[in-house]
Amino acid sequence: MGKSGKKTKESHRQGRGRRGSQVGDDDLPSSAYDAPLRRQEDSDGDDSDEAAAEDEHDGGAEASDRQGQWQVGSMPSKFHLYQLSVQSPKGDISYLQKFFLMYVGGRVPLHLQEDFCGTALLSTEWLRTDTRRTAVGLDFDRESLEWCLENNLSKIGADGYSRLLLFDGNVLQPNESRLVKQKISDLMQGLNVTSDDGSTETNSFEQSDSSFTKCEANSTMSDAVLPGRDIICAFNYSCCCLHKRKDLVLYFRHAFNALSKRGGIFVMDVYGGTSSECKLRLQRRFPSFTYFWEQEEFDILTRETRISLHFQVGKKQMIRHAFTYHWRLWSIPEIKDCLEEAGFKSIHVWVREMPDTKSSGNAKEYTADRDVKYEELQHFNQADAWNAYVVGVANI
């Protein structure tokens with residue numbers, strides 16, 4: 001999550017750009033690009049894995065499970081609100097596993113790298129799914145990475161610190177990124193412990209098969225001994241933070257080189273449609289707050305736009321511009337061309353058409369049909385709104 005006020009070259013912007021704001025009771029335009037929270041009765045009678053994965057990707061059930069984690073009348077963290085309203089890690093993981101088994105196969109994917117990871121919610125959920133799994137998170141927003149350690153990783157348990165490494169750095173220069181915090185075994189290694197009989201002994205930890213090789217504090221990614229990643233992902237449209245083609249190709253090459261020599265996949269998401277190329281204001285209601293998405297005017301010459309996310313908690317508590325993004329919207333043909341140039345052997349596109357944003361007129365809510373699932377397509381006619389996974393396959 002890059003801060004929008006950070007003075008870096010535009011080509012090196014990355015992550016979900018952010019700007020903090022004051023809390024006030026200003027009026028907000030209707031905005032947010034997502035489906036509303038599903039009602040509980042909608043899920044009755046539907047127990048298929050695919051429907052469950054789609055529901056999780058919409059974030060409905062998942063967000064509902066995480067509601068009520070702050071006291072009434074208090075203002076929750078903007079990171080917490082973002083995770084509740086935007087992210088759906090269980091659904092994404094379901095698709096990541098599906099893509100890996102379809103296009104690589106032969107083994108269970110264990111090693112994940114989440115680029116533009118922000119609070120690394122996806123990575124921490126990945127660790128929950130299998131005790132053998134490891135994850136690497138990369139972002140250049142230190143605040144969000146430290147928030148992850150305190151709020152997400154802390155809920156995994158002590159072994160989570162040995163299976164997740166978070167690096168602070170630029171995705172265009174990943175080897176120069178630095179470890180955010182020592183894992184728990186590093187912090188405890190060498191600690192003198194007094195036993196019940198009064199004797200003193202030095203604490204030590206066994207290195208399990210699922211743990212990373214010990215990394216020193218402030219190590220760079222190039223210093224760390226990391227396994228080849230089975231899956232690398234860049235979600236929440238984060239690749240749109242890279243505005244130049246050469247930077248997109250460079251990033252894809254870094255991802256390609258970090259994948260396992262036994263084969264792996266790179267997965268990113270992208271959105272588009274006629275509604276993405278104009279001013280757009282949408283919102284999504286949750287039991288405890290409302291999430292707003294606001295897209296400013298779209299420049300057809302540069303394909304650039306600005307996105308702002310706002311949150312309303314209660315009737316008067318507002319966080320305006322909690323997160324801001326300056327994006328260059330890449331088309332699927334452009335992305336496929338860059339992936340091929342970076343070395344990926346095959347590229348697959350899975351598309352989901354979203355409902356017409358214009359059909360609801362002045363309605364504030366944006367409603368998606370949960371039965372519309374992602375499908376692998378070779379051709380797709382233009383629509384008002386669509387989301388897609390783009391999968392690059394690296395087989396040796």
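Reader: Which residue of β9 is the bridge partner of I232?
Author: F266 in β9 is the bridge partner of I232. Strands here are DSSP runs (E, at least two residues), numbered from the N terminus. Please keep in mind that this is a predicted model, where local features need pLDDT of at least 70, side-chain atom pairs count only at pLDDT 80 or more, and totals for chains, interfaces and linings use all residues. Residues are numbered from 1 along each chain as its sequence is written, and side-chain values use heavy atoms, leaving out hydrogens and water.

Reader: What makes β8 and β9 a pair?
Author: Two strands pair if DSSP finds at least two bridges between them. β8 and β9 are joined by 4 bridges, so they pair, and they run parallel.

Reader: Why is β9 called largely enclosed?
Author: Buried means under 20% relative accessible area, exposed over 50%, and partly exposed in between (1.4 Å probe, protein chains only). In β9, 9 of the 9 residues are buried, so the strand is largely enclosed by the rest of the structure. One side holds G264, F266, M268, V270 and G272, the other I265, V267, D269 and Y271, and all are buried.

Reader: What is F344 in contact with, leaving aside its neighbours within four places in sequence?
Author: Contact means heavy atoms within 4.5 Å. The partners of F344 include F252, F266 and V393.
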